[in-house]
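Welcome to this tour! Open your viewer, get the selection tool ready, and follow along stop by stop.

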Amino acid sequence: MSTNIESRPRVWVSQPLFDDIITRLEPYFEVDAAREVADHAPSRIAEALREADGALVTLNDPIGAAEVAQAPRLRAIANVGVGYNNLDIAALQARGIVVTNTPDVLTETTADFGFALMMAAARRITEAERWLRDGQWQGWAFKSLLGADIHGATLGILGMGRIGQGIAKRAAGFGMRVLYHNRHRLPEAVERECRASYVDYEKLFAQSDHVVLVLPYSAQSHHLVDAATLARMKPTATLTNIARGGLIDEAALADALAGGRLAAAGLDVFEGEPRVDPRLLALSNVVLTPHIASGSLATRRAMVALAVDNLIAALGFGPEAGKPRNPVPAAKPL
Ligand code: 8YV
């Protein structure tokens with residue numbers, strides 16, 4: 001069903017996404033789409049939402065009670081991303097706003113990247129490339145840039161949701177032993193399929209040669225990986241983060257990397273994105289990427305398409321009217 005132009009609801013698209021996919025909103029809505037990538041100020045977000053019935057947003061856009069206070073018509077926010085810590089779910093749901101996210105479509109791409117980042121850190125790939133490009137390769141030396149093995153090593157996965165399980169399945173091909181820790185232990189059949197053993201948090205860090213973080217970020221998981229956790233790790237180990245920067249105390253991580261208490265790290269996410277701690281920037285034993293784990297063209301397109309479908313459905317239009325595929329569950333009290 002398309003709607004009469006005068007009565008059409010309005011939606012705000014906060015960032016430039018893929019125009020050919022965003023066009024699919026046009027039969028239903030008047031679309032106000034940003035033309036430039038921006039970290040919108042809270043007042044700009046509030047202004048954009050004032051007349052809106054729905055919004056399609058990304059992790060650049062923090063939205064809570066203050067941003068929706070002057071937006072009486074707002075009924076749905078579709079987040080392009082599986083993580084939604086940019087949104088104050090409790091405040092939005094209290095206002096009756098439906099929030100949706102984009103799980104599943106990014107699982108395999110993100111797991112690919114997590115594995116690649118772990119391998120790059122362990123085998124010192126970006127450090128070696130910088131060294132070569134800097135003209136430091138003056139003669140082949142048997143002992144230069146020696147790294148840690150992936151095959152046969154113990155992998156520790158913190159957060160065993162869809163992406164964590166994807167990483168575990170990849171690890172089987174490398175003959176790794178897989179340990180995991182999660183809020184809830186997984187059913188035995190899933191553990192078998194992933195060839196993964198459940199261990200407590202302390203053992204995960206103490207026994208793993210490579211730890212990968214894939215858990216959601218929240219007030220409870222803020223700086224979960226702190227100096228005490230890092231001190232449990234083997235000095236030969238690596239730590240990879242493809243979840244959210246705030247999971248790690250970055251100052252403690254920089255200390256451990258600089259002091260030789262941790263061999264290397266792979267970081268795709270940072271606490272103050274896009275700002276990166278200058279101490280991390282200066283270290284050679286950390287691989288740094290700008291939050292691109294889900295960034296294959298096909299997957300980013302699939303995420304936008306899913307968010308568009310969710311928004312259309314959440315606002316009561318299209319074949320799934322009233323039943324968006326990915327509503328974010330009700331916020332739990334802290
Ligand atoms: C997205 C992500 O690129 O899905 C997530 O949680 O971190 C990334 O895949 C990002 O959320 C875009 O908004």
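Begin by selecting Arg 44, which is partly exposed because its relative accessibility is 31%. (Buried means under 20% relative accessible area, exposed over 50%, and partly exposed in between, using a 1.4 Å probe and protein chains only.) Before moving on, note that this is a predicted model, in which local features need pLDDT of at least 70 and side-chain atom pairs count only at pLDDT 80 or more, while totals for chains, interfaces and linings use all residues. Residues are numbered from 1 along each chain as its sequence is written, and side-chain values use heavy atoms, leaving out hydrogens and water.

Glu 47 and Arg 44 form a salt bridge, with their closest N and O atoms 3.7 Å apart. (A salt bridge is a side-chain nitrogen of Lys or Arg within 4 Å of a carboxyl oxygen of Asp or Glu.) Both residues sit in helix α2 (residues 42–49), 3 residues apart, or about one turn of the helix. Helices are DSSP runs of H or I with at least four residues, strands are runs of E with at least two, and both are numbered from the N terminus. An α-helix has 3.6 residues a turn, so residues three or four places apart point the same way.

Next, select residues 297–314, helix α13. (The expected span is 1.5 Å times one less than the number of residues.) Among the buried residues of α13 are Met 303, Leu 306 and Ile 312. What do the buried residues of α13 pack against? Their partners include β1 (10–13), β3 (54–57) and α5 (107–122).

Arg 301 lies in α13 and Asp 20 in helix α1, so the pair ties together parts 281 residues apart in sequence.

Then show Asp 309 and Arg 325, another salt bridge, at 2.8 Å between the closest N and O atoms. Asp 309 is in α13, whereas Arg 325 is in the segment after α13. Salt bridges that share partners join Arg 24, Asp 309, Glu 320 and Arg 325 into one network.

For the last stop, colour domain 1 (5–103 + 297–314) and domain 2 (107–288); such bounds come from an automatic or database domain assignment. Their centres, taken over C-alpha atoms, are 32 Å apart. How many salt bridges are there between domain 1 and domain 2? The count is 0.

How values were computed: Contact means heavy atoms within 4.5 Å.
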